[in-house]
Structure formats: structure tokens, C-alpha cells
Amino acid sequence: MNNNEILLLKLGEVVLKGLNRRSFEDKLVSNVRRRMKPCGSFQIYIRQSTIYVEPQTEDCDMEAAFKAARQVFGIVTVARAVPCAKEMDAIVETAKTYLADEFAKARTFKVESRRADKQFPMNSIQISQYVGGELGQFFNVKADMHHPDLTVYVEIREKYAYIHTPSVPGAGGLPIGMGGRAVSLLSGGLDSPVSSYMIARRGVELEMVHFVSPPYTSQQALDKVLELARLLTVYCGRMIVHIIPFTEIQEEIRRQCPEEYFTLIMRRFMMRLAEAVARKSHASALVTGESLGQVASQTIKALGVTEDVTKMPVLRPLIGTDKVEIIRMAREIGTYETSILPYEDCCTVFTPRHPATRPVLEDVVQAESVLDIDGLVAKALEGETWVRVKP
């Protein structure tokens, strides 16, 4: 580990923004600062669409910082680099020491150079040729422009030159906080954590709402959902999970409504409650993990019936994905193992044997009209508790 190693974080979509680009960049830098705090003392600043993360003390945990940088939305690639003087000999010497281990494993290599400082006397092709010639001779490795084992990157910037190995992909997307706020309906399944991640990746700050139905659902089921929320905080930052008691609503539906509409009426209540939480939290949209046709309550007709009760936009990032893709993403973001733990959530408690797949809105409204809708909603909201989840 080189002790003057730094991280270079390249910005993604943010660079395409127009007049408000500055506010995106400021937000992104402050998000990076917050994520780096637990890793040690760093100087963090932005120049020419690159965020520099420079350790200020010996005890900075560069491994942890590298990992954290890859989880910040808005960052498209992360590279470890070493700064040196903007002189060709210094560049060559730095590459020799910094990349000795890499060269020991490589049979072929190439050098790619970028000259952000146009005052520098050599152009990027000349830099690559010179550095490549010196390194090839020193390490006795062949140049290969098309399929090299190792690519050495040289960047000439304002104050220093930087030597680095290939960048790794970051999380992409937009900085959290730039896309407004939304409330995500978080169950214990595979879908809702993935859909929450996808909306957060577009810069949206999230609060979660989860429905519990004791005694039908257990404390373990709730713990599992809080753990899912905690796993998401590495991307989303800390957040609040609103926990709403749902037993009485479910029992009333079961007692008074036709069985084929159980799930739809239950989901309509969830939407009403989530919207109430969103209005209190100054959020402007709801997020669900629904995927078209995956289950009976997710047909086009059923989705129309469900969202009929809310005026807010309902964002469904998984609407066109299939289960295989959702599982792949859950594995990638680290929620899969927790999602498959076998605890019941309230969606699976009162499942009808023959659910309506082509419901007519008027029929469902008629079916639920026997309930005291406003009273049930108000009572559930009175029982709401919340937990602040931190990484």
C-alpha cells in the first residue's frame, strides 16, 4: 500500500447537467464527505469533473474508503492513484515503484495518457510513448495496444501528474437528495429493497413504510425488514422506517369483504396509509416493488384498482423486470440473503384462494364500502411507530 495513495472519483451523469450542475456537484461532494467520515480524515474536493479523496493522516483506512466510494450514487468510476511532479522522469519513477507488483504479474502492457493541463509541453500520445518505452525496458515486458494484461494510466492535471491502474465501476446514477423525496413500501420480500435501491439511484431520498400484523406476523419478520433497510443505508444514507399496525384492517377485510378482493382492498389501504405518511414527511411520490403480471394483484387491471386511492405518483421501477433479473440485482446490492429468510409478512397472511385477476374498479369500491375506511386508516396511523436506521 503506497502511503501517498489517493482516490480519484469520476462523475457520471452529473457532468451532463446544465445551469444547475454546481448544485449537483456540491451535493455529491457532501455525500462523499459523509461516507468517508468513518474511514478516517480525508481532504475531499472537486476539479474538472473528478472528486479527489486525499488521506490526511497515516491511519486512514484506504480499503474501506475505496469500498465506500463505490457505493455513492453519482460516482461512475473509482481509481486508486498516486500523485507526482509533472515531469517525465518523476512520472516514470513513480510508475516503477507504484506498479512494481502489477508488472510482476503482466506479460504485456500499454500506457494511456490524458492531458487535462493543455500547457504541458507533450501531448498525450507523446507522453504514452515515452513512459511506455521506459517501463517496457525497465520491466522487460512487451507493449500490446489491443489486449494488454496491464494498462497504466497517466493523467496530467493542474497541480500534479497522477499514475493509476484501471478504474472500477462505481454506483452510477445521481446524488441522493437531488431527486426529491419518496416513501417506499418495504416488505420482507426480494422486490421492494431492489426497487428502493433503483429509485434512490436516481437521486431520491427515501423514507420506508412497513406494515405489521401481530400476532400473524412475528418480531423476526420485523427485524428482517429493519435489516433490509439497514443494508440499503450504505447506498441511501440513514433513513426512517415507519411501522404501521395492520392487523385490525386485515381482520375487518376478512370479516366483511368478498374473498377474491382481499389482497386488492388490503393494498388500497396500504396506499392510503403510505400516502398519509408521505404527506407528513414532505415526500412527493410512493415507491412499490410491483412487477407486471408477477402475481394476481399485479395485473394491469389490479394495479389500476390499487393506485386509484392515491393522488401521488406511484413509482414502480421493477415494472418491466422478471424474477431472474430481480434476484440478480438483489445479490448485487447485498439484500438477497436477508430477503429469502422464511418469515411471514402481512401480504402473505390472508391470501385468497382464487384472487380476482381482472377486477373492475366499481366492484372493488362497492366491496370495501361496508368498511369504516377513514376510521380504520386514522386508527392505524395513531399506532404508527418509527425507527431511524443507520449504516
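Where is His282 found, in terms of the elements around it? View A gives the answer.

These close-ups show a predicted model, in which local features need pLDDT of at least 70 and side-chain atom pairs count only at pLDDT 80 or more, while totals for chains, interfaces and linings use all residues. Residues are numbered from 1 along each chain as its sequence is written, and side-chain values use heavy atoms, with hydrogens and water left out.

**View A. His282 sits in the loop between H9 and S13.** Helices (H or I, at least four residues) and strands (E, at least two) are DSSP runs, numbered from the N terminus. Although His282 is not a glycine, its phi is positive, at about 55°. His282 is exposed, with a relative accessible area of 66%; here buried means under 20%, exposed over 50%, and partly exposed in between (1.4 Å probe, protein chains only).

**View B. Ser49 is a non-glycine residue with a positive phi, near 60°.** Look for Ser49 in the loop between strand S2 (42–47) and strand S3 (50–55). With 23% relative accessibility, Ser49 counts as partly exposed.

**View C. Pro214 and Pro215 are joined by a cis peptide bond.** Omega is about 0° for this bond. Pro215 belongs to the loop between strand S11 (205–212) and helix H7 (219–236).

**View D. Arg267, in helix H9 (residues 262–280), is part of an annotated set.** The UniProt annotation "binding site", from an unreviewed entry, covers Leu185, Leu186, His210, Phe211, Arg267, Gly289 and Gln298. UniProt positions are given in the numbering used here, feature names are shortened, and annotations may be inferred rather than shown by experiment. Arg267 counts as buried because its relative accessibility is 15%. Leaving aside neighbours within four places in sequence, Arg267 is in contact (heavy atoms within 4.5 Å) with Glu290, Ser297 and Thr306.

**View E. Gln298 lies in the loop between strand S13 (286–287) and H10.** Gln298 is buried, its relative accessible area being 7%. Not counting residues up to four places away in sequence, Gln298 touches Glu290, Ser291, Leu292, Gly293 and Leu303.

**View F. Ile300 is found in helix H10 (residues 300–307).** Why does Ile300 count as exposed? Because its relative accessible area is 65%. Together with Leu292 and Ile319, Ile300 makes a nonpolar surface patch of about 290 Å². Accessible areas come from the Shrake-Rupley method with a 1.4 Å probe; for residues, only the protein chains shown count as cover.

Notes:
Patches are made of residues with over 30% relative accessible area and no salt bridge: like charges are joined within 9 Å, nonpolar side chains (Val, Leu, Ile, Met, Phe, Trp, Tyr) within 5 Å. A salt bridge is a side-chain nitrogen of Lys or Arg within 4 Å of a carboxyl oxygen of Asp or Glu.
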